Amino acid sequence: MEKMVTQEVKEGVAEEDTLDFRHVGSKGNDGAGGLPGEIGPRGIQGPRGLAGEKGNPGEPGHKGPQGSHGDPGIQGIGGSPGRRGVKGQPGNTGDKGQNGEQGFRGPPGAVGNSGPAGIQGEPGEKGPDGDRGPKGIRGALGLMGPKGADGEPGDPGYKGRRGPKGARGSQEHSDCDLLDLVRKNCGCRECPLYPLDLVIAYDMSDEVLNFQLNIMKDLIVKIVNETHISESTCPTGARVAVVSFSGSAKRIIGFTDYHTKKKLLQLVEHKVVYERGGGPRNLGEAMRYTTRHVFKRTRGGKNMKKMAIFLTRMSTGRGDFATISALEENDVLLTAAMEMHANLITPVIVTTIPPDPELLNAFSVS
(Lines give C-alpha, C1' and ligand atoms only; values in the text may rest on other atoms or scores of the structure.)
Protein backbone atom coordinates (compact mmCIF):
# COMPACT_ATOMS: atom_id res chain seq x y z
CA MET A 1 0.00 0.00 0.00
CA GLU A 2 2.83 2.30 0.89
CA LYS A 3 4.47 1.54 -2.42
CA MET A 4 1.34 2.56 -4.30
CA VAL A 5 1.16 6.00 -2.46
CA THR A 6 4.79 6.73 -3.04
CA GLN A 7 4.31 5.97 -6.70
CA GLU A 8 1.41 8.37 -6.87
CA VAL A 9 3.41 11.14 -5.15
CA LYS A 10 6.28 10.69 -7.55
CA GLU A 11 3.94 10.93 -10.45
CA GLY A 12 2.42 14.20 -9.00
CA VAL A 13 5.75 15.81 -8.63
CA ALA A 14 6.55 15.10 -12.20
CA GLU A 15 3.40 16.68 -13.34
CA GLU A 16 4.11 19.93 -11.37
CA ASP A 17 7.53 20.02 -12.93
CA THR A 18 9.79 21.07 -10.11
CA LEU A 19 9.36 21.69 -6.43
CA ASP A 20 11.58 23.72 -4.30
CA PHE A 21 12.68 21.81 -1.39
CA ARG A 22 15.31 24.24 -0.24
CA HIS A 23 13.00 25.64 2.44
CA VAL A 24 11.63 22.69 4.27
CA GLY A 25 9.58 23.07 7.33
CA SER A 26 8.92 20.89 10.26
CA LYS A 27 6.90 17.84 9.85
CA GLY A 28 3.26 18.36 10.11
CA ASN A 29 0.66 16.28 11.77
CA ASP A 30 -0.65 13.26 10.09
CA GLY A 31 -3.52 13.89 7.86
CA ALA A 32 -6.78 12.13 7.95
CA GLY A 33 -6.87 8.84 6.43
CA GLY A 34 -7.73 8.71 2.77
CA LEU A 35 -10.27 6.54 1.22
CA PRO A 36 -9.06 3.12 0.16
CA GLY A 37 -8.06 3.14 -3.42
CA GLU A 38 -9.11 0.69 -5.96
CA ILE A 39 -7.32 -2.58 -6.14
CA GLY A 40 -4.41 -2.20 -8.44
CA PRO A 41 -3.39 -4.67 -11.02
CA ARG A 42 -1.52 -7.71 -9.97
CA GLY A 43 2.16 -7.01 -9.67
CA ILE A 44 4.94 -8.90 -11.29
CA GLN A 45 5.86 -12.12 -9.37
CA GLY A 46 8.80 -11.45 -7.26
CA PRO A 47 11.87 -13.62 -7.06
CA ARG A 48 11.68 -17.02 -5.29
CA GLY A 49 12.00 -16.55 -1.64
CA LEU A 50 14.42 -18.33 0.63
CA ALA A 51 13.55 -21.86 1.76
CA GLY A 52 11.66 -21.84 4.98
CA GLU A 53 12.61 -23.83 8.01
CA LYS A 54 11.67 -27.54 8.18
CA GLY A 55 8.30 -27.95 9.68
CA ASN A 56 7.38 -30.23 12.51
CA PRO A 57 6.64 -33.90 11.61
CA GLY A 58 3.07 -34.44 10.68
CA GLU A 59 0.80 -36.88 12.33
CA PRO A 60 1.01 -40.52 11.07
CA GLY A 61 -1.34 -41.23 8.21
CA HIS A 62 -3.96 -43.89 8.15
CA LYS A 63 -2.83 -47.50 7.42
CA GLY A 64 -2.95 -48.06 3.69
CA PRO A 65 -4.30 -51.20 2.01
CA GLN A 66 -2.09 -54.35 1.90
CA GLY A 67 0.12 -54.42 -1.14
CA SER A 68 0.40 -57.30 -3.57
CA HIS A 69 3.00 -60.06 -3.00
CA GLY A 70 6.36 -59.29 -4.48
CA ASP A 71 8.46 -61.64 -6.59
CA PRO A 72 10.47 -64.24 -4.61
CA GLY A 73 13.99 -63.17 -3.92
CA ILE A 74 17.20 -65.02 -4.67
CA GLN A 75 18.03 -67.79 -2.23
CA GLY A 76 20.48 -66.56 0.32
CA ILE A 77 23.72 -68.15 1.37
CA GLY A 78 23.35 -70.79 4.06
CA GLY A 79 24.09 -69.51 7.50
CA SER A 80 26.57 -71.06 9.86
CA PRO A 81 25.27 -73.76 12.23
CA GLY A 82 23.78 -72.36 15.33
CA ARG A 83 24.69 -73.34 18.80
CA ARG A 84 23.50 -76.63 20.13
CA GLY A 85 20.21 -76.21 21.83
CA VAL A 86 19.23 -77.37 25.25
CA LYS A 87 18.32 -81.03 25.49
CA GLY A 88 14.62 -81.39 25.08
CA GLN A 89 12.21 -83.43 27.11
CA PRO A 90 11.94 -87.17 26.25
CA GLY A 91 9.39 -87.74 23.56
CA ASN A 92 6.58 -90.23 23.62
CA THR A 93 7.34 -93.88 22.85
CA GLY A 94 7.19 -94.43 19.10
CA ASP A 95 5.57 -97.30 17.27
CA LYS A 96 7.48 -100.59 17.04
CA GLY A 97 9.64 -100.68 13.93
CA GLN A 98 9.93 -103.53 11.47
CA ASN A 99 12.33 -106.39 12.19
CA GLY A 100 15.76 -105.77 10.74
CA GLU A 101 17.72 -108.23 8.64
CA GLN A 102 19.50 -111.04 10.41
CA GLY A 103 23.00 -110.01 11.40
CA PHE A 104 26.22 -111.95 10.91
CA ARG A 105 27.03 -114.67 13.35
CA GLY A 106 29.29 -113.36 16.07
CA PRO A 107 32.48 -115.06 17.26
CA PRO A 108 32.09 -117.79 19.87
CA GLY A 109 32.02 -116.45 23.37
CA ALA A 110 34.31 -117.49 26.12
CA VAL A 111 33.33 -120.45 28.25
CA GLY A 112 31.45 -119.17 31.24
CA ASN A 113 31.83 -120.29 34.80
CA SER A 114 29.75 -123.19 35.92
CA GLY A 115 26.59 -122.01 37.58
CA PRO A 116 25.35 -123.33 40.89
CA ALA A 117 23.47 -126.59 40.86
CA GLY A 118 19.77 -126.03 40.38
CA ILE A 119 17.00 -127.43 42.47
CA GLN A 120 15.98 -130.89 41.43
CA GLY A 121 12.88 -130.67 39.31
CA GLU A 122 9.78 -132.74 39.57
CA PRO A 123 9.69 -136.04 37.69
CA GLY A 124 8.57 -135.48 34.12
CA GLU A 125 5.86 -137.33 32.34
CA LYS A 126 6.69 -140.62 30.67
CA GLY A 127 7.96 -140.00 27.15
CA PRO A 128 6.93 -141.89 24.04
CA ASP A 129 8.53 -145.22 23.22
CA GLY A 130 11.90 -144.77 21.50
CA ASP A 131 13.02 -146.29 18.24
CA ARG A 132 14.28 -149.82 18.13
CA GLY A 133 17.92 -149.88 19.21
CA PRO A 134 20.79 -151.43 17.25
CA LYS A 135 21.40 -155.12 17.36
CA GLY A 136 23.25 -156.10 20.53
CA ILE A 137 26.57 -157.84 20.81
CA ARG A 138 26.45 -161.52 20.12
CA GLY A 139 26.02 -163.42 23.35
CA ALA A 140 28.24 -166.17 24.66
CA LEU A 141 27.90 -169.60 23.16
CA GLY A 142 25.36 -171.70 25.04
CA LEU A 143 25.86 -175.19 26.32
CA MET A 144 25.86 -177.96 23.79
CA GLY A 145 22.48 -179.58 23.38
CA PRO A 146 21.78 -183.26 22.94
CA LYS A 147 22.67 -184.86 19.65
CA GLY A 148 19.82 -184.67 17.17
CA ALA A 149 18.37 -187.54 15.22
CA ASP A 150 20.16 -188.57 12.05
CA GLY A 151 18.62 -187.06 8.94
CA GLU A 152 17.65 -188.94 5.85
CA PRO A 153 20.46 -189.44 3.34
CA GLY A 154 20.36 -187.00 0.45
CA ASP A 155 20.09 -187.85 -3.21
CA PRO A 156 23.36 -188.70 -4.95
CA GLY A 157 24.87 -185.74 -6.78
CA TYR A 158 25.71 -185.50 -10.45
CA LYS A 159 28.95 -187.01 -11.57
CA GLY A 160 31.59 -184.34 -12.01
CA ARG A 161 33.75 -183.81 -15.05
CA ARG A 162 37.03 -185.62 -15.29
CA GLY A 163 39.85 -183.34 -14.29
CA PRO A 164 43.13 -182.90 -16.18
CA LYS A 165 45.78 -185.44 -15.57
CA GLY A 166 48.35 -184.22 -13.13
CA ALA A 167 52.08 -184.66 -13.35
CA ARG A 168 53.69 -187.43 -11.39
CA GLY A 169 54.68 -186.20 -7.96
CA SER A 170 57.11 -187.40 -5.34
CA GLN A 171 55.02 -187.65 -2.17
CA GLU A 172 57.13 -188.40 0.86
CA HIS A 173 54.25 -188.56 3.39
CA SER A 174 50.63 -189.58 2.98
CA ASP A 175 47.58 -187.74 4.31
CA CYS A 176 47.49 -190.19 7.18
CA ASP A 177 51.04 -189.21 8.13
CA LEU A 178 49.87 -185.60 8.48
CA LEU A 179 46.96 -186.66 10.66
CA ASP A 180 49.33 -188.68 12.81
CA LEU A 181 51.52 -185.60 13.18
CA VAL A 182 48.55 -183.59 14.47
CA ARG A 183 47.64 -186.33 16.93
CA LYS A 184 51.22 -186.64 18.10
CA ASN A 185 51.53 -182.91 18.69
CA CYS A 186 48.47 -182.78 20.94
CA GLY A 187 49.46 -185.99 22.78
CA CYS A 188 46.15 -187.76 22.57
CA ARG A 189 44.35 -190.98 22.01
CA GLU A 190 41.18 -189.10 21.08
CA CYS A 191 42.22 -186.14 18.94
CA PRO A 192 42.68 -183.72 20.51
CA LEU A 193 42.96 -184.69 24.16
CA TYR A 194 44.04 -181.15 25.09
CA PRO A 195 42.38 -177.95 23.80
CA LEU A 196 43.82 -177.06 20.40
CA ASP A 197 43.57 -173.93 18.22
CA LEU A 198 44.49 -175.00 14.68
CA VAL A 199 45.03 -172.70 11.69
CA ILE A 200 45.20 -174.23 8.20
CA ALA A 201 46.64 -171.90 5.52
CA TYR A 202 46.52 -172.89 1.84
CA ASP A 203 48.57 -171.52 -1.06
CA MET A 204 46.67 -169.30 -3.54
CA SER A 205 49.63 -167.80 -5.46
CA ASP A 206 49.91 -167.50 -9.25
CA GLU A 207 51.59 -170.93 -9.56
CA VAL A 208 48.62 -172.81 -8.04
CA LEU A 209 46.09 -174.29 -10.45
CA ASN A 210 42.46 -175.22 -9.80
CA PHE A 211 43.05 -178.96 -9.42
CA GLN A 212 45.90 -178.28 -6.97
CA LEU A 213 43.53 -176.21 -4.82
CA ASN A 214 41.06 -179.12 -4.81
CA ILE A 215 43.78 -181.43 -3.44
CA MET A 216 44.50 -178.97 -0.60
CA LYS A 217 40.76 -178.56 0.01
CA ASP A 218 40.29 -182.32 0.35
CA LEU A 219 43.10 -182.45 2.89
CA ILE A 220 41.47 -179.70 4.96
CA VAL A 221 38.21 -181.69 4.99
CA LYS A 222 40.05 -184.85 6.13
CA ILE A 223 41.73 -182.99 8.99
CA VAL A 224 38.40 -181.56 10.18
CA ASN A 225 36.64 -184.95 9.96
CA GLU A 226 39.40 -186.66 11.99
CA THR A 227 39.40 -183.96 14.68
CA HIS A 228 36.99 -183.48 17.58
CA ILE A 229 35.68 -179.94 16.97
CA SER A 230 34.73 -177.91 20.03
CA GLU A 231 31.01 -177.09 19.99
CA SER A 232 30.75 -175.28 23.35
CA THR A 233 32.57 -172.73 25.48
CA CYS A 234 34.28 -175.51 27.46
CA PRO A 235 38.06 -175.60 26.90
CA THR A 236 37.99 -178.99 25.17
CA GLY A 237 38.32 -180.12 21.60
CA ALA A 238 39.76 -178.13 18.71
CA ARG A 239 38.90 -174.87 17.01
CA VAL A 240 39.87 -174.54 13.36
CA ALA A 241 40.47 -171.38 11.31
CA VAL A 242 41.30 -171.26 7.59
CA VAL A 243 43.59 -168.70 5.86
CA SER A 244 44.58 -168.22 2.21
CA PHE A 245 47.90 -166.64 1.24
CA SER A 246 49.83 -165.49 -1.81
CA GLY A 247 51.68 -162.16 -1.78
CA SER A 248 49.51 -161.29 1.25
CA ALA A 249 47.24 -163.28 3.57
CA LYS A 250 43.55 -163.05 4.47
CA ARG A 251 41.25 -164.89 6.86
CA ILE A 252 38.65 -167.14 5.16
CA ILE A 253 37.08 -168.81 8.24
CA GLY A 254 37.54 -167.54 11.80
CA PHE A 255 37.43 -169.45 15.08
CA THR A 256 33.99 -167.98 15.95
CA ASP A 257 32.30 -168.28 12.53
CA TYR A 258 30.67 -171.62 13.38
CA HIS A 259 29.46 -173.70 16.34
CA THR A 260 29.32 -177.24 14.95
CA LYS A 261 31.55 -179.45 12.85
CA LYS A 262 28.80 -179.66 10.22
CA LYS A 263 28.73 -175.89 9.86
CA LEU A 264 32.54 -175.79 9.64
CA LEU A 265 32.53 -178.33 6.80
CA GLN A 266 29.88 -176.28 4.97
CA LEU A 267 32.03 -173.16 5.27
CA VAL A 268 35.07 -175.03 3.90
CA GLU A 269 32.99 -176.24 0.96
CA HIS A 270 31.64 -172.79 0.04
CA LYS A 271 34.50 -170.45 0.97
CA VAL A 272 37.64 -172.35 -0.05
CA VAL A 273 37.43 -171.60 -3.78
CA TYR A 274 39.87 -170.96 -6.58
CA GLU A 275 40.92 -167.32 -7.11
CA ARG A 276 43.01 -165.91 -9.94
CA GLY A 277 45.65 -163.19 -9.73
CA GLY A 278 46.88 -163.89 -6.22
CA GLY A 279 50.42 -162.73 -6.97
CA PRO A 280 53.74 -164.33 -6.02
CA ARG A 281 54.00 -166.50 -2.92
CA ASN A 282 55.18 -164.94 0.38
CA LEU A 283 55.25 -167.64 3.03
CA GLY A 284 56.92 -165.39 5.61
CA GLU A 285 54.06 -162.86 5.37
CA ALA A 286 51.50 -165.67 5.74
CA MET A 287 53.23 -166.95 8.91
CA ARG A 288 53.43 -163.43 10.37
CA TYR A 289 49.74 -162.71 9.58
CA THR A 290 48.70 -165.98 11.22
CA THR A 291 50.62 -165.19 14.41
CA ARG A 292 49.56 -161.54 14.78
CA HIS A 293 45.94 -161.65 13.60
CA VAL A 294 44.46 -165.15 13.62
CA PHE A 295 46.02 -166.21 16.94
CA LYS A 296 45.34 -162.79 18.44
CA ARG A 297 42.47 -164.11 20.59
CA THR A 298 42.94 -167.69 21.71
CA ARG A 299 41.57 -169.69 24.59
CA GLY A 300 43.54 -169.56 27.80
CA GLY A 301 44.74 -172.53 29.82
CA LYS A 302 47.92 -174.27 30.85
CA ASN A 303 47.39 -177.20 28.50
CA MET A 304 46.32 -175.05 25.52
CA LYS A 305 48.03 -176.05 22.25
CA LYS A 306 48.46 -173.91 19.09
CA MET A 307 49.39 -175.24 15.65
CA ALA A 308 49.58 -173.71 12.15
CA ILE A 309 49.66 -175.92 9.00
CA PHE A 310 50.76 -174.30 5.70
CA LEU A 311 49.74 -176.20 2.52
CA THR A 312 51.71 -175.14 -0.55
CA ARG A 313 51.91 -176.65 -4.08
CA MET A 314 50.54 -180.08 -3.28
CA SER A 315 51.38 -181.35 -6.75
CA THR A 316 53.72 -180.41 -9.57
CA GLY A 317 52.09 -178.22 -12.22
CA ARG A 318 53.25 -175.66 -14.72
CA GLY A 319 56.67 -174.21 -14.11
CA ASP A 320 59.29 -175.50 -11.70
CA PHE A 321 58.86 -175.20 -7.97
CA ALA A 322 62.43 -174.27 -7.16
CA THR A 323 62.23 -172.89 -3.62
CA ILE A 324 59.49 -171.96 -1.23
CA SER A 325 61.17 -168.68 -0.32
CA ALA A 326 62.48 -167.69 -3.76
CA LEU A 327 60.51 -164.42 -3.80
CA GLU A 328 60.83 -163.65 -0.09
CA GLU A 329 63.32 -161.75 2.01
CA ASN A 330 65.25 -164.09 4.27
CA ASP A 331 64.87 -161.82 7.29
CA VAL A 332 61.04 -161.79 6.89
CA LEU A 333 60.88 -165.58 6.95
CA LEU A 334 63.29 -165.81 9.89
CA THR A 335 61.40 -163.15 11.87
CA ALA A 336 58.07 -164.90 11.22
CA ALA A 337 59.46 -168.24 12.43
CA MET A 338 60.85 -166.62 15.60
CA GLU A 339 57.48 -164.92 16.32
CA MET A 340 55.72 -168.30 16.07
CA HIS A 341 58.23 -169.85 18.42
CA ALA A 342 57.84 -166.99 20.93
CA ASN A 343 54.02 -167.42 20.90
CA LEU A 344 54.28 -171.21 21.43
CA ILE A 345 52.84 -171.97 17.96
CA THR A 346 53.91 -175.20 16.25
CA PRO A 347 54.36 -174.53 12.49
CA VAL A 348 53.96 -177.34 9.91
CA ILE A 349 54.90 -176.90 6.22
CA VAL A 350 53.26 -179.43 3.90
CA THR A 351 54.70 -179.73 0.35
CA THR A 352 55.73 -182.49 -2.04
CA ILE A 353 58.89 -180.59 -3.00
CA PRO A 354 61.95 -180.64 -0.74
CA PRO A 355 62.08 -177.26 1.04
CA ASP A 356 64.81 -174.74 0.47
CA PRO A 357 67.75 -174.84 2.92
CA GLU A 358 66.99 -171.26 3.99
CA LEU A 359 63.53 -172.35 5.17
CA LEU A 360 65.01 -175.21 7.16
CA ASN A 361 67.56 -172.83 8.64
CA ALA A 362 64.81 -170.42 9.74
CA PHE A 363 63.01 -173.14 11.71
CA SER A 364 66.23 -174.54 13.16
CA VAL A 365 67.25 -171.09 14.47
CA SER A 366 63.85 -170.48 16.06
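How many bridges join strand 1 to strand 2? Eight bridges do so, between residues 196–203 of strand 1 and residues 238–245 of strand 2, and the two strands run parallel. One of the pairs is L196 with its bridge partner A238 in strand 2. Strands pair here if DSSP finds at least two bridges between them. Helices (H or I, at least four residues) and strands (E, at least two) are DSSP runs, numbered from the N terminus.

This is a predicted model: local features need pLDDT of at least 70, side-chain atom pairs count only at pLDDT 80 or more, and totals for chains, interfaces and linings use all residues. Residues are numbered from 1 along each chain as its sequence is written, and side-chain values use heavy atoms, with hydrogens and water left out.

The chain has seven helices and five strands. From the N terminus on, the elements run α-α-β-α-β-β-α-α-β-α-β-α. Of the 366 residues, 25% count as buried. Buried means under 20% relative accessible area, exposed means over 50%, and partly exposed lies in between (1.4 Å probe, protein chains only).

Five strands form an open sheet in the order 3-2-1-4-5, with mixed pairing. Strand 3 (249–253) and strand 5 (346–350) are the edge strands, each pairing on one side only. The twist averages 25 degrees from one strand to the next. Angles run from 0 to 180 degrees between N-to-C directions; axes are lines fitted to C-alpha atoms, for helices over the stretch in contact.

Strand 1 also pairs with strand 4. Seven bridges join these two strands, which run parallel. V199 stands opposite A308 in strand 4. Strand 4 is in turn joined to strand 5 by five bridges, again in parallel. There, L311 has V350 of strand 5 as its bridge partner. Strand 4 is mostly covered, with six of its seven residues buried.

Helix 4 (residues 261–271) lies across strand 1, strand 2 and strand 3, and runs at about 130 degrees to strand 3.

Helix 3 and helix 4 also pack on each other, at an angle of about 175 degrees with their axes 11 Å apart. That makes the two helices roughly antiparallel, a label for angles over 145 degrees. Helix 3 contributes K217, I220, V221, V224 and N225 to the contact, and helix 4 contributes K261, L264, L265, V268 and E269. Contact means heavy atoms within 4.5 Å.

A nonpolar core is a set of buried Ala, Val, Leu, Ile, Met, Phe, Trp, Tyr and Cys residues joined through side-chain atoms within 4.5 Å. The largest such core holds 28 residues, of which L198, Y202, I253, L264, I309 and L311 touch the most other members. Two or more residues come from each of strand 1, helix 3, strand 2, strand 3, helix 4, strand 4 and strand 5. Helix 3 gives the most, with six residues. A second, separate core of 20 residues includes V199, V243, A249 and Y289.

T227 is in the loop between helix 3 and strand 2. T227 counts as buried because its relative accessibility is 4%. The T227 side chain reaches the backbone oxygen of I223 at 2.6 Å.

V273 is in the loop between helix 4 and helix 5 (283–292). With a relative accessible area of 37%, V273 is partly exposed. Leaving aside neighbours within four places in sequence, V273 is in contact with Y202, M204 and L213.

T312 is in the loop between strand 4 and helix 6 (330–342). Its relative accessibility is 1%, so T312 counts as buried. The T312 side chain makes a polar contact with the side chain of D203 (2.9 Å). A polar contact is a pair of N or O atoms within 3.5 Å; within protein, one must be able to donate a hydrogen and the other to accept it, and residues adjacent in sequence count only if both atoms are side-chain atoms. T312 and L213 are 99 residues apart in sequence and 9.3 Å apart in space, C-alpha to C-alpha.

Notes. Angles under 35 degrees count as roughly parallel, over 145 as roughly antiparallel, 65 to 115 as roughly perpendicular and the rest as oblique.
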